[in-house]
Amino acid sequence: MIDERIFKIELRQGKERSIKSYVLRSNVLDDKGERVIEDSKDSLIFYEEGSRLNSESLFGSSKPFIIEIGFGMGTATIEIAKSRSDCNFLGLEVYLDGVVKLLKRIREEGVKNLKVMRFNAVDVLSHLIDDDSVDGFHIFFPDPWMKKKHHKRRLMNPAFIDLLVSKLRKGGYIYFVTDWVEYADEVLSLFNGNEKLLNPYDGFAPHMQWRPETKFEAKGKEKEHEVRELWVEKK
């Protein structure tokens, strides 16, 4: 039987809940999806109040610990994990379809340094991740919420950046990529305004060769979207 915790995606309840940076559209598993979940228990992490998530607890090793927030279908996620075997990765995603697809690939390709969790990133970081324990955050193509009235839903805001920084080790990085120029400019300004962050490139960063291009990114380029990358480090 499927563990019902796979369907729970946030801790906060009621009217005090903060604005979400996502809107769920589907929460249904078909028979194939159920089989993937059942067969992927070693790679799927559930929320347990009081537990601590790090390289030792998840992988039994002291390799650098990288968290990806919002991995979508997980195409880049698994390729990065395979190419960077010297690191351990935790992928956070709220969309069930993407979770199932990535778990399926992890099992089929025998990837051992990547685990997946379906839960709201803010809650995971706030309650399960120790301060000064993460070596890097990957945030690739988050929803830009293009309409001005929806900008308040954007994931990247001063409070969230402060939360990321608090979890990073000294020298740890945030790698942010978007194909929405106005959003990129906004995040660059936010990073520049955080006194605990250093931008080694002064402005936008070059493409990191170990980050593969996804179909989503390629489609954006076909529409002449400009991909902007940011890399900042904790002082």
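The protein chain of this predicted model exposes about 12200 Å², and carbon and sulfur atoms supply 50% of that area. Of its 235 residues, 48% count as buried. The C-alpha trace spans about 50 × 40 × 40 Å along its principal axes.

The secondary structure comes to 8 helices and 8 strands. With a radius of gyration of 17 Å, close to the 18 Å that the globule rule gives for 235 residues, the chain is as compact as a globular protein of that length.

**Sheet**

The 8 strands form an open sheet with mixed pairing, in the order E1-E4-E3-E2-E5-E6-E8-E7. Strand E1 (44–45) and E7 stand at the edges with a single partner strand each, so one side of each is left without a neighbour in the sheet.

| Strand pair | Sense | Bridges |
|---|---|---|
| E3 (residues 88–92) and E4 (residues 114–117) | parallel | 4 bridges |
| E6 (residues 168–178) and E8 | antiparallel | 6 bridges |
| E7 (residues 197–198) and E8 | antiparallel | 2 bridges |

In the pairing of E3 with E4, Leu92 stands opposite Met117 in E4. Helix H4 (residues 96–109) packs on the sheet and touches E1 and E4; the direction of H4 makes about 155 degrees with that of E4.

Strand E8 (residues 228–234) is mostly covered, with 5 of its 7 residues buried. E8 is joined to E6 by antiparallel bridges, and Leu230 in E8 is the bridge partner of Phe176. E8 also pairs with E7, where Glu233 in E8 stands opposite Leu198.

In soluble globular proteins, nonpolar side chains tend to be buried together. Here the largest nonpolar core has 37 residues, and those with the most contacts inside it are Ile67, Ile69, Met117, Met156 and Phe191. Helix H6 (residues 158–167) contributes the largest share of this core, 5 residues. A second, separate core holds 32 residues, including Leu96, Val100, Val111 and Phe141.

For Ile67, leaving aside neighbours within four places in sequence, the contacts are Leu90, Leu92, Leu125, Ile129, Val134, Gly136, Phe137 and His138.

Terms used: Residues numbered from 1 in each chain as written. Predicted model: local features only at pLDDT ≥ 70, side-chain atom pairs only at ≥ 80, totals over all residues. Heavy atoms only, no water. Buried < 20%, exposed > 50% of the residue type's maximum accessible area, 1.4 Å probe, protein only. Pairing = 2+ DSSP bridges. Core = buried A, V, L, I, M, F, W, Y, C linked by side-chain atoms within 4.5 Å. Contact = heavy atoms within 4.5 Å. Rg over C-alpha atoms; globule rule 2.2 N^0.38 Å. Areas by Shrake-Rupley, 256 points an atom, 1.4 Å probe, with all protein chains shown as cover. Axes fitted to C-alpha atoms, helices over the stretch in contact; angles between N-to-C directions.
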